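This report describes selected parts of a predicted model. Please look through the sequence and the structure before reading on.

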Protein chains: 2
Amino acid sequence: MAGHSVIFDTAESPVEVPTGTLLTEAAQLANVALGQPCGGQGRCGRCAIIVRAGSVRRRSTLRLSAEDIAAGYALACQAVVEGDVQISIPPQEKIERRLTTDRIAAEVHVPAGYDPARHQSVARVALTLSPPSMDDQTDDWSRLQTALRQQAGIDNLTASLPALGAISNSLRAGQWQVSAVIDLDPPVPRLIGLFPMHAPSDTPLWGIAIDIGTTTVSLWLANLISGEVRSQVAEYNGQITRGEDVISRIIYASKNQGAAEMQGLILETINSLVEVACQRARITPDMIVKATVVGNSTMIHLLLGLPAESIRLAPFVTTVNQVPHLTASATGIGIHPEATVECLPGVASYVGADITAGVLSSGLDDTEDITLFIDIGTNGEIVLGNREWLLTCACSAGPAFEGAGVRDGMRATQGAIEEIWINGDTWEPTIRVIGGGKPRGLCGSGLIALLAEMFLTGVIDKGGHLNIGLPTPRIRTRDHTLEYVVAWADETANGRDITITSVDIDNLLRAKAAIYAGFGVLAESAGLALDAVARVLVGGAFGKYINVEKAVEIGLLPDMPWECFEFLGNTAIKGAYLALLDRFARDRIRAIANRLTYIELSADNRFYEAFTSALFLPHTDLSRFPTVQAALTP
Amino acid sequence: MAGHSVIFDTAESPVEVPTGTLLTEAAQLANVALGQPCGGQGRCGRCAIIVRAGSVRRRSTLRLSAEDIAAGYALACQAVVEGDVQISIPPQEKIERRLTTDRIAAEVHVPAGYDPARHQSVARVALTLSPPSMDDQTDDWSRLQTALRQQAGIDNLTASLPALGAISNSLRAGQWQVSAVIDLDPPVPRLIGLFPMHAPSDTPLWGIAIDIGTTTVSLWLANLISGEVRSQVAEYNGQITRGEDVISRIIYASKNQGAAEMQGLILETINSLVEVACQRARITPDMIVKATVVGNSTMIHLLLGLPAESIRLAPFVTTVNQVPHLTASATGIGIHPEATVECLPGVASYVGADITAGVLSSGLDDTEDITLFIDIGTNGEIVLGNREWLLTCACSAGPAFEGAGVRDGMRATQGAIEEIWINGDTWEPTIRVIGGGKPRGLCGSGLIALLAEMFLTGVIDKGGHLNIGLPTPRIRTRDHTLEYVVAWADETANGRDITITSVDIDNLLRAKAAIYAGFGVLAESAGLALDAVARVLVGGAFGKYINVEKAVEIGLLPDMPWECFEFLGNTAIKGAYLALLDRFARDRIRAIANRLTYIELSADNRFYEAFTSALFLPHTDLSRFPTVQAALTP
């Protein structure tokens with residue numbers, strides 16, 4: 001079969017591919033990163049490229065206007081090479097990979113009374129061994145074990161082959177004065193490393209907490225001796241270009257070498273974060289001897305290279321919720337190869353370790369009051385309960401509130417519209433943009449505000465339908481779709497109108513309805529009225545920036561007094577940090593995982609009813625939202 | 001620096017090397033195997049090659065006669081390239097790598113009463129799991145653990161990441177009917193593999209026992225269910241070309257990438273044996289789920305890539321005598337990656353697992369009679385004791401009895417002179433050659449016979465000196481060295497005289513004296529007279545072919561009635577096989593390792609005295625050898 005030359009304007013050199021190759025495949029070959037949030041299914045339009053010369057066969061033109069096609073646009077995931085072509089990548093679509101540290105740095109307090117000797121599962125022990133002699137030819141390993149037993153009361157030590165292989169040199173380099181770093185966790189103590197010196201007892205010992213979000217990966221570097229967090233870093237999850245939600249990623253991972261590629265991408269992200277965190281703390285990665293990892297179940301499976309397909313298909317089971325302890329070398333995380341890597345326990349396919357860790361850091365499992373915990377991310381996970389019982393469910397909210405699945409949606413970075421007000425007489429909007437400057441799109445908090453404002457000003461009705469009767473040019477039809485123009489082309493960074501379409505509105509309604517319905521089903525399962533809930537805790541980095549009032553106005557959050565809400569930021573990484581420091585906190589997360597009763601919504605008729613009722617603004621039953629009712633009453 | 005072309009007549013293509021390159025380095029580059037029994041120190045002469053064109057600089061001509069040099073001979077390990085050269089490899093020196101199965105196949109009986117359910121540490125359990133459903137979304141790993149607890153009473157199962165990653169597919173492929181293979185050893189049961197079927201309980205489960213000898217590696221493939229040995233294979237240790245004794249190998253391993261190379265060579269040998277054994281049994285290597293490994297401490301260290309340097313240097317300590325359990329993937333042994341690999345425990349730098357396993361299989365640790373166990377290999381290890389006490393020592397006998405360190409020595413294969421008789425009037429020898437045909441050299445049993453015959457016929461005196469006064473052309477001086485001609489050039493396979501030199505005799509005397517002196521020191525340490533010993537057990541593949549009478553005549557073995565001797569063959573692999581089958585046998589080897597009191601001879605003045613006294617034929621004190629004394633009395 002004949003080969004065709006494909007030239008990407010951003011690639012170093014052309015690539016040769018056979019007839020029938022997808023442009024996304026050619027791009028991969030040419031080392032050109034193309035976003036595929038929908039997993040290459042032609043749904044999201046994020047992989048749009050421009051054909052400059054030659055022609056391609058378009059399998060699908062979904063998400064492209066006739067105008068787009070005339071201008072040469074094609075979806076790379078749907079375009080088949082049939083001859084030599086030259087491809088140009090639209091600049092605004094180039095993959096962003098930048099640190100989002102500014103928005104994630106959180107204030108952290110070392111837990112009161114933290115005592116590494118009591119709480120830490122990794123110990124550093126200073127040992128003085130008697131050197132071997134012709135009268136004492138004990139082997140190095142037995143000599144070390146004996147010293148450890150006699151000087152630290154640690155028995156039954158084990159070690160991997162590489163750890164064992166390093167002891168001889170360390171013992172001699174330290175002239176029989178060494179510091180042993182040992183993982184004390186059951187079933188038997190394990191040697192992590194032997195260092196040729198007597199370290200003073202306040203010398204730092206390093207650990208990391210990692211939260212693998214579907215969108216953002218966060219990492220905290222902590223001194224296990226003092227408990228202090230020395231650096232907090234975050235970066236987009238490198239898998240984003242292979243699918244924006246967990247379902248797209250599972251599909252991608254199940255094709256060809258997809259699983260290995262996904263594993264490689266997340267390891268790349270984690271290891272670059274490790275590098276940055278270490279540079280800031282002026283240490284080297286091999287000084288890190290422990291890691292705790294949280295994330296939703298899909299993220300953990302993809303990190304570990306475990307098959308994730310069954311998470312996607314009924315009856316939705318994971319390979320493993322409670323992963324046995326691993327070492328860094330087994331996982332590929334670039335820290336000390338013998339470092340303990342503990343993936344904290346999840347509960348179900350869609351309630352992962354990010355939620356169990358979040359429950360711990362929120363303290364929900366130890367409250368007297370009945371408390372609702374909502375983590376609004378790519379999925380909306382909900383926990384309801386107190387110190388006596390805990391229910392949980394996942395709402396398949398979809399990524400709408402993270403800016404995906406929405407035409408002009410984007411993540412909460414520079415250029416995102418994060419707040420909106422609409423004039424009730426002119427229907428003209430006023431916007432606030434992250435970082436100031438011209439807007440590029442709408443992020444989650446902006447979408448919530450927009451929806452609320454449109455509803456309250458009559459731009460949309462309670463069913464979410466755009467009111468075409470209003471005398472404003474902002475409500476219009478384009479490509480057979482109704483939409484509201486948030487910003488005109490001449491006001492935006494990319495010279496295109498920023499709009500919200502009726503399809504976008506529908507997606508947002510479904511997302512908020514899913515979360516609210518999940519809350520309702522949990523309350524019903526517990527035999528409670530909704531107003532039995534005394535407190536609402538909102539987790540997730542995104543949650544931190546929500547305007548509560550507007551979230552209540554659209555019916556995303558229940559209608560309760562402001563003081564009942566608490567915004568906790570990234571509860572997942574806080575929980576991972578607490579488990580990193582404290583084995584009792586870690587055990588408590590295990591207890592939470594075992595205590596959490598998971599309600600599968602996809603099998604629950606009550607959910608469908610509650611969901612349908614919630615597909616209105618704020619809800620079919622307006623009496624549930626008295627403050628909104630009051631606002632609507634003239 | 002200019003490159004020079006080096007052409008080996010046995011290589012596929014020339015190699016380019018810079019000035020100053022050793023021919024051994026060039027040979028390695030050209031993939032030409034050259035023997036270096038002395039480790040490249042110019043001592044052994046085994047790497048002799050012929051320079052056909054061009055010239056090399058000879059750093060050392062030790063072991064080469066003026067005649068040799070005139071003929072173009074050079075030692076590859078001492079010859080430096082200074083221009084283009086053409087090298088020819090003398091055919092008789094080409095490295096042999098052939099199976100020696102004929103000589104190693106041993107008769108094996110499955111231990112009486114062997115019951116895998118009771119004795120075997122690896123279990124195969126048939127499990128029937130209930131499939132997941134919307135009402136039971138338990139993850140695969142918990143589901144497996146629960147089934148194992150309920151159906152087999154096995155709790156606290158753990159698994160490596162790769163084993164965990166494979167369970168989902170196995171569970172579904174087997175439609176929730178699976179066979180779990182589990183290592184039951186403490187501290188917690190470990191999943192080796194999950195197979196998608198219910199195997200009938202008599203389906204074989206495979207294991208291997210490996211004995212890594214300095215010279216020969218032996219491997220037995222056994223069915224862990226029936227206990228039956230299905231194939232026995234052996235091959236030369238691939239490390240031989242890098243040094244014939246353990247000291248040379250440690251030196252080689254300590255240079256540059258030597259350790260990795262040594263590890264690679266022994267793994268190559270083991271893995272090719274695994275292949276052959278599997279082919280014979282019509283199975284594949286990944287069906288092997290367990291391995292036990294024995295060998296001297298140096299071999300175990302080199303296999304595992306552990307630093308071995310301290311074994312060679314006073315105070316002679318190993319990195320580890322009791323290696324923690326490993327997996328095949330951690331060691332590089334090419335069987336099921338999760339297979340348990342158990343390196344059986346050694347006692348000291350020069351008393352390894354081959355000896356503890358040998359003691360087990362000889363039954364010495366459970367005898368009432370005081371028993372002497374001698375393993376004559378590259379080192380001579382000795383154990384003295386009974387069920388109440390056990391003493392051991394290593395004698396640094398050197399490889400003389402294995403045919404190395406002797407000018408015309410060779411291993412016990414085709415063409416080796418294995419038995420000799422000398423006419424006491426004519427001093428003419430009669431020889432027996434392994435495989436018939438013309439002789440190529442002298443193997444261990446041949447050397448013992450030769451030494452005994454020369455002594456008894458007066459060719460040498462009790463000090464080992466050749467009697468130049470005898471009227472025979474067979475005693476002569478060549479290259480300033482006295483020697484006795486065993487076979488003339490026209491009778492031999494390679495057209496050269498086969499001789500034994502005064503240097504060879506000296507080496508043999510030292511070897512036998514070391515072993516006998518070790519025996520004496522052990523007896524003295526136990527406060528016993530030598531004749532308190534009731535039985536002598538001789539282990540080692542080599543030991544099987546010794547002529548006891550002649551071994552007594554030279555003073556290698558003590559002068560005792562024939563019926564007191566027992567020749568056990570390769571006791572090391574027998575012990576490894578018993579430990580492979582039976583966890584109680586394995587525990588007994590551990591007990592033996594702990595019970596054995598090691599006497600360090602290099603620090604013992606008694607040894608030097610005993611050694612010096614034993615440097616005579618059969619001994620300074622002839623009264624210790626009454627039958628020899630009688631034979632010498634006219």
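Val6(B) stands opposite Val85(B) in β7(B). This belongs to the parallel pairing of β1(B) with strand β7 (residues 85–88) of chain B, which runs over three bridges. Two strands pair if DSSP finds at least two bridges between them. Helices (H or I, at least four residues) and strands (E, at least two) are DSSP runs, numbered from the N terminus.

Strand β1 (residues 3–8) of chain B also pairs with strand β2 (residues 15–18) of chain B, in the antiparallel sense and over four bridges. Here Val6(B) has Val15(B) in β2(B) as its bridge partner. The link from β1(B) to β2(B) is a hairpin of six residues.

## An open sheet in chain B

The strands β23, β24 and β25 of chain B form an open sheet in the order β23-β24-β25, with antiparallel pairing. Because β23 (475–478) and β25 (498–501) of chain B each have a single partner strand, they stand at the edges, and one side of each is left without a neighbour in the sheet. On average, neighbouring strands of this sheet are turned by 45 degrees against each other, direction ignored.

Four bridges join strand β24 (residues 481–487) of chain B to β25(B) in the antiparallel sense. Ala487(B) stands opposite Ile498(B) in β25(B). Helix α14 (residues 502–525) of chain B packs on the sheet and touches β24 and β25 of chain B; contact means heavy atoms within 4.5 Å. The direction of α14 makes about 60 degrees with that of β25(B). Axes are lines fitted to C-alpha atoms, for helices over the stretch in contact, and angles run from 0 to 180 degrees between N-to-C directions.

## Two helices of chain A

In chain A, the axes of helix α7 (residues 246–253) and helix α8 (residues 258–281) come within 7 Å and cross at roughly 125 degrees. The residues in contact are Arg249(A), Tyr252(A) and Ala253(A) of α7(A), and Gly258(A), Ala259(A), Glu261(A) and Met262(A) of α8(A).

## Confidence and conventions

The model has an ipTM of 0.82 and a pTM of 0.81. Chain A has a mean pLDDT (the predictor's confidence in each residue, from 0 to 100) of 90, and 93% of its residues reach 70 or more.

Residues are numbered from 1 along each chain as its sequence is written, and chains are lettered from A and ligands numbered from 1 in the order in which they are written. In this predicted model local features need pLDDT of at least 70, side-chain atom pairs count only at pLDDT 80 or more, and totals for chains, interfaces and linings use all residues, while side-chain values use heavy atoms, with hydrogens and water left out.
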